[in-house]
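Open the structure in your viewer and keep the selection tool at hand. The stops below say what to select next and what is there.

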Amino acid sequence: MTSSARTRWIFAGQLGPLFDDGGPMMIVEARSVFGRRPMHRAKAHLLLSAMRHRATELGDRVEYHRVERYSDVVGGGGRGSADRRDDLEVIDPTSWAARRFVRERGIHVLPSRGFVTSEKDFTVWADSRQGKRLLLEDFYRGVRERTGVLMRGDQPEGGRFNFDHDNRNPPPKNAAGLGLPDPWWPVEDEIDEEVRHDLDRWQSEGVVQLVGDDGPRRFAATAAEAERALADFVEVRLNDFGPFEDAMLSGDWTMSHSLLSAPMNLGLLDPLHAIETVEAEHAAGRAPLSSVEGFVRQIMGWRDYVWHLYWYLGEGYRTGNNALDARRPLPEKFRLLDAAAIRSNCLRETIDGMRRHGWAHHIQRLMVLGNWALQHGYDPVELNDWFVDMFVDGTPWVMPANVIGMSQHADGGLVATKPYVSGGAYIDRMSDFCGGCEFNPKVRLGENACPFTAGYWAFLDRVEPRIRHNHRMAQPLSGLRRLADREAVVDQERHRDSW
Ligand code: FAD
């Protein structure tokens, strides 16, 4: 059977034109997907809205099924399953579970799309390392060279592949902040209204457990909206993206970030198109290289890299790593996004933003939420799944390298060479959170001891035997050994019940 004669079943990560070759399509809205674990309501809303908007766009060309579970449409699977569908095809889906599901049913599988590099490209690159460590920077350079993005002949634009040194400034600490206007927001329509109504009903029937606020919808649900969001980023925030990539400010939840991860992960925005758009801005003299290179590296480097690592590190990577023996369950304040119960400004502001939008920017994810979880030894698998469920852009593939690897160091150093841990001084430098906080980032002992600062030393104390071989941790560990009040700080943090 030729591709055009088969019906293409598209998943929630495949909703844009990149996944459409013009033939008949099928979308299955399975309610059980939303009821597996508690989910952020804004995320459930975005997924449903995007699927239903796509169905409207495709019109007669799509079969849209609203069912309890996928198997209601494609059968139970397994050998000799009577109801498997020979006339279906899929573009290889984006999780181990979904790949197994379609293969068990004998559905025809096409190579994956939606990334700059193919899975084959990555395997060739990784195998060519011949036992050498896999490094993002090497992968990224290779992709730049192969694609010619930001290259002049065989040399990188501006003479360097990486402009990190020109970036990562602290935020301006004045009342005007970055002084940027609000980002462009989508306008909701009757589809969003119907989604909200359905979510209310599902919630009252007890089939889903939704956490957080729902609305107004802030992330693109169609390819046209994604294009509009990209244009707004390029016009208004791209120039500040590089310098303030790591900066945090109270009351500014978006800073100069692009807000494009959700539409990209839904398949609505082709990452290469986003890259070419910002590259053209630089070529036209409208955007500085440091910002453009920083943005290109996040997508062509990090996004592709963590996607490939998901497959390369194997299905067992998520659950099979706990190098720092982190076993504490996630606290209620995290699970319920209960910002009001949190006293530390940085953590409260971050969790409150999550509650309102199902989103936080990168440095809040890594150096506030991840740093806190690492210091407190939260179970890495539980944390991984919480990130998947609570973020509008959360997917099974994006999280393991980011959470298990980079943020929690649970893999012992496969993805990141050292734990991403810091005390309150880092947060103080990169934000305005500490100014009005009841805790003092310079204090580690006593009433106003900053939970991040004291937590940093308590963390080092706890994991010292497990990280003492890591030469990148030699300096912090030697600081720990010189700490006169080490025992008192560790004891204080062991008994801290309010933060
Ligand atoms: P920008 O800051 O504007 O960056 C541009 C794009 O680069 C993003 O849209 C994203 O597609 C890509 N990108 C940058 N860094 C990464 C990265 N480390 N991994 C993958 N893509 C990256 N990204 C997700 O897409 N979904 C997630 O659920 C997610 N969870 C994360 C959890 C943790 C603990 C950490 C450390 C990172 C996580 N990231 C995730 C990566 C990154 O934080 C988000 O992509 C980014 O904050 C999304 O906002 P933005 O679109 O404004 O990104």
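Start with the shell around the ligand: by class it holds 13 nonpolar, eleven polar and three charged residues. Here Ala, Val, Leu, Ile, Met, Phe, Trp, Tyr, Cys and Pro count as nonpolar, Asp, Glu, Lys and Arg as charged, and the others, Gly among them, as polar. This is a predicted model, in which local features need pLDDT of at least 70 and side-chain atom pairs count only at pLDDT 80 or more, while totals for chains, interfaces and linings use all residues. Residues are numbered from 1 along each chain as its sequence is written.

Select the ligand and its surroundings: 27 residues surround it, the closest being H257, S258, S261, Q298 and H362. A residue counts as near a molecule if its C-beta atom, placed from the backbone, lies within 6 Å of it. Two or more residues of the shell come from each of α9 (261-265), α11 (289-312), α14 (362-376) and α16 (399-407). Helices (H or I, at least four residues) and strands (E, at least two) are DSSP runs, numbered from the N terminus. With six residues, α11 gives the largest share of the shell.

Next, colour the chain by domain: domain 1 is 3-110, domain 2 is 119-182 + 223-312, and domain 3 is 316-494. These bounds come from an automatic or database domain assignment. Why does the ligand lie between domain 2 and domain 3? Both domains give residues to the shell around the ligand, so it lies between them.

Stay with these two domains, whose C-alpha centres lie 25 Å apart. Their contact takes 18 residues from domain 2 and 20 residues from domain 3. Two residues are in contact if their C-beta atoms, placed from the backbone, lie within 7 Å. On the side of domain 2 that touches domain 3, the elements giving two or more residues are α9 and α11. The largest share of that side, four residues, comes from α11. By class, this side of domain 2 has twelve nonpolar, four polar and two charged residues.

Now select strand β1 (residues 7-10). It runs parallel to strand β5 (residues 88-91), joined by two bridges, and R8 stands opposite E89 in β5. β1 also pairs in the parallel sense with strand β2 (residues 25-30) over three bridges, and I10 stands opposite I27 in β2. Two strands pair if DSSP finds at least two bridges between them.

Finish at V278. Leaving aside neighbours within four places in sequence, V278 is in contact with V234, L238, A287, V292, F295 and V296.
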